[in-house]
Amino acid sequence: MTLATMDEATRVLAAAFGYESFRPGQEELVRAVLQGRDVLGVMPTGAGKSLAYQIPAIVLPGLAIVISPLVSLMGDQVRSLRENGVRAAFLNSTLSASEQGAVIREALDGAYDILYVAPERLADPRFMEFAAQARISLVAVDEAHCVSQWGQDFRPSYLAIGQFIDSLAVRPPVCALTATATGRVRADIVRLLGLWDPFELVTGFDRPNLRFDVKRLAPKDKLAHIMSYVREHPGDSGIVYCSTRKDVEKVHEALREAGISATRYHAGLSKDERLANQEAFILDNAPVMVATNAFGMGIDKSNVRFVIHHNLPGSMEAYYQEAGRAGRDGEPGECLLLWSDGDISTCRYFIEAEVKNDELAPEEVEVVRASRRRMLEAMVGYCYTTECLRGYILRYFGEAARGACGNCGNCSGEAKAVDVTNEARAVMRCVHQLRGRFGKGVVVDVLRGAHTARVEQLGLGSCGFFGALAEGAPRRSDGKPLSATVPAGRIREVVELLAAGGYLVVSEGKYPTVGFGPRFREAAEPGFSLLMKEVPAKAARKGRRRGSTIDAGDGLEAPVHERSEDEELFQRLRALRRSIAEVNEVPPYVVFSDATLRDMCLLRPASREAFLEVSGVGAVKLDRYGEAFLKEIASFEDEKANDATPSSSSFDV
Ligand code: ADP
Ligand code: MG
């Protein structure tokens, strides 16, 4: 590769996409592909993986084949590219046979630089014939983790990709991209796609523009919390994830009744309705989406401002992927996890119930369950941790955290840590003596000294540790408490916290048990201590606005009038974007992202040259929309200038 090719890539970045510089990782990936190497790029959602193949696709002669899992989104991806003047097309089952034939003919004629296809397509004889004749510049595999059974989104049709690549007469470079970082999945991608000595690039997983927060709420309070959050962020686009269809319906209905344009998505809806609702969300006709985790894979709506979880997800992997759908445009996003005790039990129950023997041998079932339990415990640990939430996430994904981030619920200090070391020791001793034979309920009741029917039936009412945590309870002559005065809640939490830390393993289902976890020995060491997060009952819930990275009090805040003026202009530009989008029948963020509109508010361009300076504006978009936006900005500036001259009314008393 000559230097000129990389120059060409930088030129395309600016001219077609309107970006001044590469984001971390993009340049290295582009360079490697241009050198003809296979690459594996692991970057978090929103990092900008698409450019890693789109730029080489434009620079290299020939056609790039992009394999992407979701048929429903290819249309949007291609529309976005065409908006930037990139010669792109897609081939999938939404096209009629004759439309497909036309795309293939045009592609053979060299009309495109990029062709999106679903993995199923690779097995189609007509497509294979086409691929044999076409000059293929590269094969890109988006969401490459779908090839691995260790990931959550395994797609058997991805297994055919390796063979497809092998079948090509001239092997092009292969570019695999994913946000899933675990070593096992990465190894699967390299092996199953048959990558040749790939250049592997793993960027940091931090998403500095996202604010993380965790709130423990009684199930009945969750809805009210979501309602007031959405009301406090009018017009913002967001996703509310619920674990069940029933909850989706409930939250969706409540939002609609409050007059909020919300839509919904779950597997119980017809395919047509799912598509229509997804489209309404993408087009910002219904900016709030209430959905189960069936929603979202491959959605690249860039202006999602918040992701709220109504329930606890089953793993940190799932949580970070779902929460990461906020703020892809780099503007502030908020990720709020709401949870209650019941959520943990529900997840545990699913692990026992969902992982069935149908396809797996009994030993395999146990292995899968054990791994899902570990994943869940890490998720629970996130709920309980008193440390920086971002730090917790990054450590989980194997990165060193850099101390308090200052931009999460724990760093902003609403929660305080209480020492529960003594309680933890008592729980560990109790579990030891019960030899892991009983469930959480029994352990808790024994410790709090509750003479329940079950406890009596098991003959545990007079054992040595009965009532060990029943502080202050009235005692019988033998020192055992008469009745339980200590609430079960606190002890239950300590059990959960110990499980989250790997000291215990808790299972639920038909035969619930609490046993020792891999780290149980550490709990007996002298230095052992355990802190639990306690949120004051009346923790003032601050209605945070966007831009919470800039917290009041650190002197970084812009003067109020400037901010509100920018905000006013932003709203005007957003309205303009929406009307343009409607006329052109494209999603608003395809016209310009929120980040681009924000940049316009900051730069206030007054000429075409100045407009090109705005991040996200390339030559094609300048021609298409420059005039309309320049006009809007100019008239806004005029109005402001007139407002500033004192009018007679300002002297009215
Ligand atoms: P991913 O596939 O990694 O989740 P995308 O490729 O969808 O991320 O990109 C996310 C957003 O970042 C898009 O809105 C994209 O336009 C924007 N983006 C990508 N690269 C850059 C860049 N170099 N400068 C500014 N914005 C970028
Ligand atoms: Mg992507």
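Taken alone, ligand 1 exposes 580 Å², and the protein buries 83% of that (areas by the Shrake-Rupley method with a 1.4 Å probe). Please keep in mind that this is a predicted model, in which local features need pLDDT of at least 70 and side-chain atom pairs count only at pLDDT 80 or more, while totals for chains, interfaces and linings use all residues. Residues are numbered from 1 along each chain as its sequence is written, chains are lettered from A and ligands numbered from 1 in the order in which they are written, and side-chain values use heavy atoms, leaving out hydrogens and water.

The backbone takes part too: a polar backbone atom of Ser 21 is 2.9 Å from a nitrogen atom of ligand 1, and one of Gly 48 is 3.1 Å from an oxygen atom of the ligand.

Now to the helices (DSSP runs of H or I, at least four residues, numbered from the N terminus). Helix α12 (residues 316-323) packs with helix α14 (residues 362-384) at about 55°, their axes 8 Å apart. On the α12 side, Met 316, Glu 317 and Tyr 319 make the contact, and α14 supplies Met 375, Ala 378, Met 379 and Tyr 382 (heavy atoms within 4.5 Å).

Technical notes: Polar contact = N/O pair within 3.5 Å; in protein donor to acceptor, adjacent residues only side chain to side chain. Axes fitted to C-alpha atoms, helices over the stretch in contact; angles between N-to-C directions. Helix = DSSP H or I, 4+ residues; strand = E, 2+ residues; numbered from the N terminus.
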